Amino acid sequence: FGLFLIVFTGLYFYIGTHLIGQTNPNRQKHDQQNNITLAKVAASHMTPEREVGFAGSLWRMFPHHTDGVVNPLWPWVAARFYEPGMSDQEFYVRGKWVNLIITALFCILLGLIASRYFSLLATCNLILLVGFGAMLPRSPYFQPEPLYYIFFFLSWLCCLALLKKNSIWRYCLLGALAGVAYLAKTSIQPLLIAFVAVSSYRFLFGALPAIIRKDHNRPGSEWCWQTHIIGVFFLVVFFLMTAGPRLSYANERYGSPFHSYPSYWMWLDDFDSSYQFMGDHQDKSSLRRIPSGEVPSAGNYSKKHSGEQAVNRLSEGFWFVSENFVSPKRASEKQPAWRQLLADRGAYLAALLVIIGLFAIWHRFHRPKAELTVQKLQPEWSSAALFIVGTTIFYALSYGWYLPIGKGDRFMLSLFPPLVFSLIWAAEGLENRFRARGGNRIPAIAYRVAHLAVFLCISLRISHLLDNPEFYGR
């Protein structure tokens, strides 16, 4: 596995170097110049000022400054690599290299940890899909996506761990991780909503029988329904503590701690009107002067649009972002350079899903009658499945609704690493149960062959990229 990591790192930086040199040359696109401007502001906050005192200087050093669109984490991180006198273009290129190094380190660390729990081929596929499928494509941008993807992924994993065993410290950890993800992008909110909804379902599943029949927790369960309420409380507390400086700044400047212009934009009809709205309302006084009937909101949207219009916008957007997620744009005859590193994202996810399905079918018809493992684990597995499917659909609907304002692959792409991990984690769990039971070796052999096939497909794709390292300079 060590040799694989060395080869992976070399390929990652080789292709990453070509991406930085060939793609995304214009810092004025994709809101990157705003990120550069905020990073320079964050750099100025690193120097203590006597006028604000020690406490004020310390507070200014935390990531807090936002323009209502760009959140403070990535500018705050990038500011650590800014040097006085550096031009915006030099800073721009350096920031892209910082993102490349951060994502490479994350993939290596993920591989080292996963190798302790997953089989060799499963770990290799996990790193290849996460690295070349999501992290590397977003690295050559001066944007917060790489950091957001990392903390979104960690928050997702923490949610799955909590659905299995809801210790208080895990709620605290989730609150902190989600808070950091929120500092990168406010898009973490649907994940938290989905988790609280599914875990509340688990709470009712455990609480109602206990209250009605005075039952105790299900034997063998590590999930305690009594812990849920206090756990959610600690989740909220740690989230607010972590995101506190940004919330405080937004409340002071815009009149709401959770202010973000995209939360208004999603109730408008196009980007031009959204951009105009932001330009006309740059502070809390101008935002408060908006008549209640003109504030972009769900209620006002429903007054100005028919139900059919809303349904069409939601359904068309949902199918568009879903299709673009599983099968993004490819190279064409007019533009033969590569548009995507791993263009068949949906095929890889489908392959992992087929592995799980075949295992589940085999287990269903070859499970000893006396074995009760599936019954004991059913709430854990069903809750995890509900969370994974529900969160994915929730994000697809949210980004689909937002489509008239902003398209772009980077929104839905945040789901790819956690989905890959979730499918491999589920398949590894089923395979480990077969191996522990002993007996027929056909499922274990088929499992390794399936992972080998996925590995060879990814390797073939990477060989094509190496053979012709030319990328679409978007």
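How many helices and how many strands are there in the protein chain? There are 20 helices and 0 strands, where helices are DSSP runs of H or I with at least four residues and strands are runs of E with at least two, numbered from the N terminus. The model is a predicted one, in which local features need pLDDT of at least 70 and side-chain atom pairs count only at pLDDT 80 or more, while totals for chains, interfaces and linings use all residues. Residues are numbered from 1 along each chain as its sequence is written, and side-chain values use heavy atoms, with hydrogens and water left out.

**View 1. The protein chain as a whole.** Of the 474 residues in the protein chain, 48% are buried, a term that stands for under 20% relative accessible area, with exposed meaning over 50% and partly exposed in between (1.4 Å probe, protein chains only). The accessible surface comes to about 22,900 Å², of which carbon and sulfur atoms hold 65%, as computed by the Shrake-Rupley method with a 1.4 Å probe. Among contacts (heavy atoms within 4.5 Å) with a separation of 6 or more, 77% join residues 24 or more positions apart.

**View 2. The second largest pocket.** This pocket has a volume of about 1,100 Å³, and of its 34 lining residues the closest to its centre are Y117, L157, A161, F421 and W425. On a 1 Å grid over the protein atoms alone, a pocket is an open set of points with protein on both sides within 12 Å along at least five of seven lines, a cavity is a set where a 1.4 Å probe fits but cannot get out, and lining residues have an atom within 4 Å of a point. Grid points are joined across faces, edges and corners, and a volume is the space filled by probe spheres set on the points. Helix 5 (88-114), helix 7 (145-164), helix 8 (168-184), helix 17 (373-401) and helix 19 (416-437) each supply at least two lining residues, with the largest share, 9 residues, coming from helix 7. The lining divides into 25 nonpolar, 2 polar and 7 charged residues, where Ala, Val, Leu, Ile, Met, Phe, Trp, Tyr, Cys and Pro count as nonpolar, Asp, Glu, Lys and Arg as charged, and the others, Gly among them, as polar.

**View 3. The largest cavity.** The structure holds 3 cavities of 30 Å³ or more, and about 110 Å³ of space lies in the largest cavity. Of the 13 residues that line this cavity, V321, K407, G408, F411 and M412 lie nearest its centre. Helix 15 (307-326) and helix 18 (410-413) are the elements that give two or more residues to the lining, and helix 15 gives the most, with 4 residues. By class, the lining has 8 nonpolar, 3 polar and 2 charged residues.

**View 4. The second largest cavity.** With a volume of about 60 Å³, the second largest cavity is lined by residues including L38, H45, R60, F62, H64, H65 and W76. Two or more lining residues come from each of helix 2 (32-44), helix 3 (53-61) and helix 4 (73-78).

**View 5. H281 in its loop.** H281 lies in the loop between helix 12 (271-280) and helix 13 (284-288), and H281 counts as buried because its relative accessibility is 15%. Leaving aside neighbours within four places in sequence, H281 is in contact with Y261, S286, L287 and I290.
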